[in-house]
Every structure is written in structure tokens, then in C-alpha cells.
Amino acid sequence: MSALRFGAEPGRVTRWVILGSVGIVFMVPIVAMLEFTLRVGQPAKGVQTYGFAHYLALFSPLNESTYDVLFQGIVNSLTICVITVAIVLVLLLPTMILVELKFPHLRRVLEFVCIIPITIPSIVLVVGFVPVYSIVARIFGSSPWTLAFAVGVIVLPYAYRPIAANLASVDVVILSEASRSLGAGWLSVLGRVILPNLRRGIFASCFITIAVVLGEYTIASFLSRNTFQTALVLLQHTDPYVAVIFAVVALVFAFFLLLLIGRLGSTRRDRTSS
Amino acid sequence: MTLIADAPITTMSSGATVELIDVVKDYSGHRALTGVNLSIKPGEFVALLGPSGCGKTTALRALAGLEQVNGGSILIDGRDVVNVPVNKRDIGMVFQSYSLFPHMTARENVEFGLRMRKVDPAERRRRAEETLELVGLSALSGRYSHQLSGGQQQRVALARALVTRPRVLLLDEPLSALDAKVRVQLRDEIRRIQTDLGITTLFVTHDQEEALAVADRVAVMRDGHVEQIGTPEELYTAPISAFVANFVGLSNQIPAEVSGGVVTVHGQTLDLINRPHLDGPVIAFVRPEDIVIDAQGMTSTVLTSSFLGSLRRTQLRLDDGSVISVQHDVADQLQPGDTVRVRLKGRPVLVGPR
């Protein structure tokens, strides 16, 4: 006999229908992009031939100058990723822990400040960044990595949330007091007690930061920096196939990052429920 | 390494003396401690008892070094530790909420304090296992906190606090999150371990039964200061104020008259615990067990009667309309509406202004 369930989690069939629908929405464009990158030449008599010609062309020395801008863009984006993650770990994370431990009354203020970038359109932020970057360029030069300062602001809302959620689930005040009473100095408290318990939030924060940095286009474009996204846009005018290949790779990479974040969360839940 | 640190946990030498002298603590305009004075002898178990907001946890945290005081002195073995950081005070502390490190097993939790003191791994492991055995948890040393019950977690927390052989053990309402049965078991176990180790212990609780059951002396706190300190018997039989009489145990508040150094309660003359400045009308604080059912006593009507296991507590309305509680034998089964005669046993009573 099937029982009516009110307010309970959806049944198995409903879950699969939802998962399937969402999967199709995600998979159709990705499959279409893959199909596009495998096309070789124009259809002859209505029949399209497929192959890996566009993939192999990427590694041909003849195309080195064509794709150089793209590879340089990827290197620049990865450099910006590293610096932005460092900003999150060195600036945001200690600030959040400090506020939690010593200035809990400032928690709302910090949250407000971190959420602000998501409420302001990128184009408006760029207008503000342009004069700032004239000074940044004077101090640090105009290397692409300097874009990390601006991107560091853009990622604040995304980096803040997972750490904040983790902090809310762990009573860091009590844990730090307990470890202090056992003879631990502040560095030991941080390294041996607080950070291990925030690992899930920190990883999630870093992965989301990487995903956001790899997808950032507006600021890089308006500040005339060559990144992965700007290179893709540039390249698609001359070689749309390669642009789409890298777009698919970026999508799959972001997908795996999100899977990893989800996995981190479920690993914790499994341990807790055992 | 000192003699104490090398000694096995089960033969720890006696603890330190602790003195709080005029300790004052302010929180943004609110004075939480108004001048706490407390002296604890080596190896003594003292309970800080009081209602919520009276400052008992603040006093304990000040002793631990988790709160900076605004005035006064805190002496451990005669040395003022007011400016000594918490990690250098050599105290062990058990918190109200289970404060085990979630990413560590029970044994790793217990080892933490020794790791901070750079004790070598083999010795660390030996002492952790020894202390876990002391609290009866050696079989669960590999479990994480989420795999332990509340009582087991608090046992691990106790072992963690004891393993470093601290000079003073501080317990901040460690039993309040546990169910009644586990609370009594762990309470007795804490007392047994404390007696075995002879460690100076300060135990914060708002549960008077808990305080009276485990402590050598109980300090009753009120509005940021210690109102009275004494053995459980002293507090119960000779409270110095109406607050203590009401907070420690039950007291009937009965209108009475003081005259010539004695008090007259419902026609019976009793000696006084305290002496008011002037003769006249007062309130007498009479314990329920100091009133007995007696055919020669005053008439009253039964309102309710509760069975409490070894005794029965009954509420009575006296002829003048006042309501009192009496404790009596379970064999005296009184029903609401019954008429019963009661009298005071004649023990000295505390009086306060009416």
C-alpha cells in the first residue's frame, strides 16, 4: 500500500525525474558543443563527417602562433586563480575566524561587506576599478596577475558563504577555549583545532573561487587583460571549433569541482551519521 | 620535569590553594562580578551555586583566564595569575557543552594537552590510555565525539582535563546537558576521581542538589558576589540570608513576631539563627521537614500531596489562609480536603523583614 507523505523528501521516482530533467538541461548544450567540435568540413550531400582534426590541430607546431594567445590566457587565468585563492586564505579566512572569536558583533557587518559585490553589476564595478587600476599599474605594472585584486573582490560572496556555513556548524569559540585551557598557544589553536574543523568550508570556498575566476570575463575584458575567457572570445572569431573545445573543457572542469565540493559535504555527513 | 608531572595519574599529589580577592568584572556598563571573595584549600571540592546571571560562570572563567578581570587578585598557590594567559595557568577545564575536538578520536583528544607540553609520543599514549581507564572509557578510545553519547563525551572531556595533572580543575556546569540518571552517575564519578586525585576543584552549577551532594563546601552567589560559603550542612541548617534559605532547599515563609531574642510562630516560641536589629513582625523561614503532623498542633487543610519515593511532601492551608509545605512519612497518606494538625519541631529558624 502506498502511503501519502506530506512534508517528507520526494520519492525515488520523483527524484529521478528531477535529476533526469536537470541532467538533460545540462547535457544537451554540452553534447551539442562536443558534436560541433568533432565536425570535419562541411556536410556533403547532407552527411556530416566527424573526426578529431580540430583537437589534433591544437598540438600542431604550425598553429602555435594562432593558439598562443589562448595558452597564455590559460596560464594567466591559473596565475590569477592561485593569487585569488591566496587572497581568500590569507585575508578573508583569518578575518572571518577573528570576527567569530573576538568580535562576534561585527559578523553582520562582515557578511554585508562580503555580499555587496554580488549586488553590483560587473560593469559598474569595472567603472570603479578603472581609476583604481591606473594606480595599481603604477605600483605593480600592468601584468595580468594584477587582475587578482579585482577578482578577489568579485569572489568575496562566493568564498564567504561556505566558510560562514562551516563556522556556524562548529563552535570555534568553545573549541579554542578548550584548547587554550589545555596549554595551546594561538598558532596551535588555529593550526591544530580550528582549521582542521573548517577544512570542508575552506576547500569549497577555494573550488568555487577557482570556478568563478576561470569564468570571469567582464572585468578582464574592460581592463584589457588576456585571460582564458577573453582569449576564447578572441579566438572564436578565427577558430570557433577550438574556442568551443576549451569551453567544454572549462565546463567539465567546473562540473568536477562542484562534484568535489558536494563530495566533501557528503563525506562529512556520512561520518556524522555513522 | 616536576615530581607531579612524572607521577602516575592515580597518585597525584594534592592540588593548589586558590584565592579570589575582591574580583571585579564589568561587561560594557554591567558589573557581572561586584567583588568576589573566595578561598579554596588544596584538594578541596568547592561548588559555586547560584541562579542564572549571578556571575558564577564569569567567576570560573576569570579563574581560568578566559575573562580579563577589571579589579582584584586571583592567586593560585599564592601567585597572582591575573596577567597570566589561560594556556600558562596550568588548569584543567570541563565545559558545559561537549567541547571535544570533532576531528580527533577520544584518545587524541586526551593526548592534546600532553602534545602541547611536548611529552614524547609513547608517554603521551600511555598516560592518555591510563586516564581514559580512570574514567572508564579505555574501550572507546578510538571513537570520534559524534560516536559517543553525551555522558561518554563528558567523561572524555574530564580525562582530557585531568591528563595534564593540572593544579586546579574547573567544571563549568558539566552535567547540565545530560539526562537525570547519567547526571547522577557522572556526578558521583567526578567526586570519586577528585577524591582519589586530591585535585583542587571548583564546580559551577545552578542545581542545589548537585552542589550539596558533591562539594566539601558550597559558595552561594548572588548579584556578582558570594553571599555565603560553608559546608552543605551549614548552608542548609544555618543560612545567613533569606536568599540562601530560599535557594538552598525549600523554605516555608511564615509570618511571625520577634520579641526578646526569640520568635513566635503560630503560637510556638523558637530560637533564632540570626538576630534582627529590632523586635516586631518578621517572616520566619521554616524547612518542610521541621514541621510535623501532630494531634496537638494547629489545624490545616490538605491541598495537594506528592509521593517522592522515600518521603511525601504535602501542601497545607492553615486557618489564617497561609500555605505551607510539610515533609512526612509515606505511610501518612493524605488526600486533598483532609483536615490535619501540624506543629513546628522547635528548631531555630532564620527570620527576615516582613
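This is a predicted model: local features need pLDDT of at least 70, side-chain atom pairs count only at pLDDT 80 or more; totals for chains, interfaces and linings use all residues.

## Chain A at a glance

Let's start with the overall build of chain A. Its secondary structure comes to 13 helices and 2 strands. The C-alpha trace covers about 80 × 75 × 35 Å along its principal axes. How does the radius of gyration of chain A sit beside that of a compact globule of 274 residues? Chain A has 23 Å, while such a globule would be near 19 Å.

Burial gives another view: 28% of the 274 residues of chain A count as buried. As for who touches whom, take the contacts in chain A between residues at least 6 apart in sequence; 76% of them join residues at least 24 apart.

## Two domains in chain A

Chain A splits into domain 1, residues 12-54, and domain 2, residues 67-273. Their C-alpha centres are 31 Å apart. Where the two meet, domain 1 of chain A puts in 6 residues and domain 2 of chain A puts in 7 residues.

Which helix supplies the largest share of the domain 1 side? That would be α1 of chain A (residues 12-38), with 5 residues. Sorted by class, the domain 1 side of this contact in chain A has 4 nonpolar and 2 polar residues, and no charged ones.

## A hairpin out in the open

Now look at strand β1 of chain A, residues 39-44. Is β1(A) largely buried or in the open? Of its 6 residues, the number buried is 0, so β1(A) lies largely in the open.

The partner of β1(A) is strand β2 of chain A (residues 47-50): the two run antiparallel and are joined by 3 bridges. Together β1(A) and β2(A) make a hairpin with 2 residues between them. In that turn, K45(A) has a positive phi of about 55 degrees. As a rule for reading such pieces, side chains in a regular strand alternate between the two faces of the sheet.

## Two domains in chain B

Chain B is also given as two domains: domain 1 covers 3-242 and domain 2 covers 259-353. Here the C-alpha centres lie 39 Å apart. The contact between them draws 4 residues from domain 1 of chain B and 5 residues from domain 2 of chain B. On the domain 1 side of chain B, the residues are 4 nonpolar, with no polar and no charged ones.

## Nonpolar cores

The largest nonpolar core has 137 residues. Which of them touch the most other members? They are L63(B), A159(B), L170(B), L202(B), A219(B) and A284(B). Zoom in on A219(B): setting aside neighbours within four places in sequence, A219(B) is in contact with L38(B), V46(B), L48(B), L49(B), V226(B) and I229(B).

There is also a second, separate core of 10 residues, with A231(A), L232(A), I245(A) and F246(A) among them.

## Where the chains meet

Finally, the contact between the chains. Chain B brings 19 residues to it and chain A brings 17 residues. On the chain B side, the elements giving two or more residues are β6 (91-94) and α3 (106-116) of chain B. Of these, α3(B) gives the most, with 3 residues. What classes make up the chain B side? It divides into 10 nonpolar, 7 polar and 2 charged residues.

Methods
Residues are numbered from 1 along each chain as its sequence is written. Chains are lettered from A and ligands numbered from 1 in the order in which they are written. Helices (H or I, at least four residues) and strands (E, at least two) are DSSP runs, numbered from the N terminus. Ala, Val, Leu, Ile, Met, Phe, Trp, Tyr, Cys and Pro count as nonpolar, Asp, Glu, Lys and Arg as charged, and the others, Gly among them, as polar. Domain bounds come from an automatic or database domain assignment. The radius of gyration is taken over C-alpha atoms; the globule rule is 2.2 Å times the number of residues to the power 0.38. A residue is buried if 20 or more other C-beta atoms lie within 10 Å of its own, exposed if 12 or fewer, and partly exposed in between; C-beta atoms are placed from the backbone. Two strands pair if DSSP finds at least two bridges between them. A nonpolar core is a set of buried Ala, Val, Leu, Ile, Met, Phe, Trp, Tyr and Cys residues joined through C-beta atoms within 7 Å.
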